[in-house]
Amino acid sequence: MQQGKILVTGGAGYIGSHTTLVLLEAGYEVVVLDNLVNASQEALRRVQDIAGRSLTFIEGDIRNRACLDQLFDEHDIHAVIHFAGLKAVGESVARPLAYYDTNVNGSLTLCQAMQQAGVFRFVFSSSATVYGPDAPVPYRETMSRGRTSNPYGTSKSMVEQSLEDLVHSDGRWSVALLRYFNPIGAHPSGRLGEDPQGIPNNLLPFIAQVAVGRRQMLTVFGNDYATEDGTCVRDYLHVMDLAEGHVSALGRLPLPGIHVYNLGTGQGLSVLQMVEAFERISERPIPYQFAPRRKGDLAAFWADPHKAEQELGWQARRGLDEMIADTWRWQRQNPRGYCSEINTTTQGISQC
Ligand code: NAD
Ligand code: WQD
């Protein structure tokens with residue numbers, strides 16, 4: 001059994017729920033703080049069921065300092081993995097204040113509460129978007145952050161900068177900035193996965209909903225990019241690999257300072273390659289039509305993942321077919337996401 005507990009903010013969400021499961025399976029005690037603005041408690045019920053272990057769930061907001069102080073008072077927290085935030089790029093353009101409030105103010109409030117509680121180990125969910133549109137591929141951690149093109153990206157960059165400044169101001173802090181590329185996939189049981197509200201913004205959830213008959217047709221944004229088939233290229237990685245990357249990063253935290261890692265496969269795949277692979281694995285047609293480019297999209301980027309491999313001993317192990325087979329199993333078994341099975345029990349759940 002590991003020492004102390006891990007606080008997982010946003011632990012009911014897509015990446016947070018998979019990471020919570022991996023933490024429980026690795027023997028950690030986990031406290032999840034989530035306000036459920038984009039998640040269902042059902043995910044946490046299933047996490048506990050799969051792990052055969054229980055966690056502590058607190059329904060609360062990272063911007064609520066009193067809630068955080070109470071949490072740190074009541075639990076011996078060893079480290080914090082901070083997923084909680086808003087993540088829709090388009091929505092961030094329409095509602096910048098909400099994004100800066102949750103993503104920036106929320107992260108700063110959390111750090112203030114940690115500082116007061118004497119907890120200095122922090123893992124932050126950052127994004128490849130911080131490299132900006134002018135960075136050459138593959139992206140490397142030695143490159144500086146670039147300009148951002150939407151409030152979501154800016155909020156990630158602002159938090160990264162704040163954490164760097166914090167670490168430089170106080171040698172007790174140990175912070176991992178994990179820059180995710182494009183997480184897809186689901187737990188192999190088909191019981192946990194990504195459950196977007198409304199029309200999916202991201203490619204894979206959209207394709208999966210077309211395959212299962214919830215949507216008629218995929219719109220492919222742009223076929224005139226300077227890539228092999230004219231569609232955008234991204235570095236898709238399995239959410240279980242990503243979840244394991246967080247456990248690896250925890251192992252780095254005894255070292256004070258700031259530790260920046262790309263979490264990606266190092267391989268770029270085009271939109272059409274993803275469509276073809278999904279059709280092959282699901283044995284369902286994915287009708288699609290081309291439309292103009294989506295504003296803000298970059299033609300192609302992928303990670304140089306070697307630093308994480310060398311320093312964390314982590315690399316993405318699961319290939320494209322596994323990512324898609326797991327996405328498809330989740331979608332088939334839960335055509336309406338967690339909605340189909342909401343467990344209303346409040347046992348073991350506290351609120352603040
Ligand atoms: P998600 O929306 O599924 O999870 C975020 C969780 O945070 C949700 O459970 C939501 O209810 C919770 N939350 C939101 N605001 C909160 C608040 N004020 N207080 C407490 N809880 C709150 O998203 P995800 O895909 O799991 O992403 C997790 C993190 O990773 C986010 O910070 C996101 O920006 C970052 N990230 C995601 C991707 C991606 O493609 N999914 C890529 C790069 C970075
Ligand atoms: C992938 C490709 C689209 C939907 C975003 C955020 C990033 C990070 C991950 C997190 C692009 C194309 C998509 C559709 C399409 N976010 N596409 N039709 O844009 O690389 O990254 O998610 O928190 O910050 O920007 O991912 O899945 O939206 O798009 O053709 O219906 O699929 O144009 O080329 P993206 P995505």
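**Note on the predicted model: cores, cavities and local backbone**

1. The largest nonpolar core comprises 44 residues, and those with the most contacts inside it are Ile-6, Leu-23, Val-30, Leu-55, Leu-178, Leu-250 and Leu-263. Helix H8, residues 239–252, supplies the largest share of this core, with 7 residues. A second, separate core has 29 residues, among them Cys-111, Phe-122, Val-167 and Leu-177. In soluble globular proteins, nonpolar side chains tend to be buried together. The model under review is a predicted one.

2. Residues up to four places away in sequence being left out, Ile-6 touches Leu-23, Tyr-28, Glu-29, Val-30, Val-31, His-78, Ala-79, Ile-81 and Leu-250. Of these partners, Leu-23, Val-30 and Leu-250 are also listed with Ile-6 among the core residues with the most contacts.

3. How many cavities of 30 Å³ or more does a search of the whole structure find? The search finds 2. Two or more lining residues are given by helix H7 (203–211) and by helix H11 (320–333). H7 makes the largest contribution to this lining, with 4 residues. By class, the lining has 8 nonpolar, 6 polar and 3 charged residues.

4. The second largest cavity holds about 30 Å³ of space. Its lining is formed by His-82, Ala-84, Gly-85, Asn-103, Ser-107, Phe-124, Ser-155, Lys-156 and Val-159. The elements giving two or more residues to this lining are helix H5 (96–117) and helix H6 (151–169). The largest share, 3 residues, comes from H6. Sorted by class, the lining has 3 nonpolar, 5 polar and 1 charged residues.

5. Helix H6 has 19 residues and spans 26 Å from its first C-alpha to its last, close to the 27 Å expected at 1.5 Å a residue. The buried residues of H6 include Ser-155, Lys-156 and Val-159, which also line the second largest cavity. Val-167, another buried residue of H6, belongs to the second core. The buried residues of this helix pack against helix H4 (89–94), H5, strand S5 (121–127), strand S6 (174–180) and strand S11 (257–263).

6. Pro-183 lies in strand S7, residues 182–184. Is this residue buried, partly exposed or exposed? Pro-183 counts as partly exposed because its relative accessible area is 22%, and the buried class requires a value under 20%. Neighbours within four places in sequence aside, Pro-183 is in contact with Tyr-14, Ile-15, Leu-237 and Leu-242. The C-alpha atoms of Pro-183 and Trp-302 are 12 Å apart, the two residues being separated by 119 residues along the chain.

7. Most residues other than glycine have a negative phi, and most peptide bonds are trans. The peptide bond from Val-137 to Pro-138 is cis, with omega near 0°, and Pro-138 is placed in the loop between S5 and H6. Leu-36, not a glycine, has a positive phi of about 60°; this residue is in the loop between strand S2 (29–34) and helix H2 (41–51).

8. Glu-283 likewise has a positive phi, near 55°. The residue is located in the loop between helix H9 (271–282) and strand S13 (288–291). Glu-283 counts as exposed because its relative accessibility is 71%, and the exposed class begins over 50%.

Methods: Residues numbered from 1 in each chain as written. Chains lettered and ligands numbered in written order. Predicted model: local features only at pLDDT ≥ 70, side-chain atom pairs only at ≥ 80, totals over all residues. Heavy atoms only, no water. 1 Å grid on protein atoms, 1.4 Å probe; cavity = no way out; pocket = protein on both sides within 12 Å on 5 of 7 lines; lining within 4 Å. Points joined across faces, edges and corners; volume = space filled by probe spheres on them. Nonpolar A, V, L, I, M, F, W, Y, C, P; charged D, E, K, R; others polar. Core = buried A, V, L, I, M, F, W, Y, C linked by side-chain atoms within 4.5 Å. Buried < 20%, exposed > 50% of the residue type's maximum accessible area, 1.4 Å probe, protein only. Contact = heavy atoms within 4.5 Å. Expected span 1.5 Å × (residues − 1).
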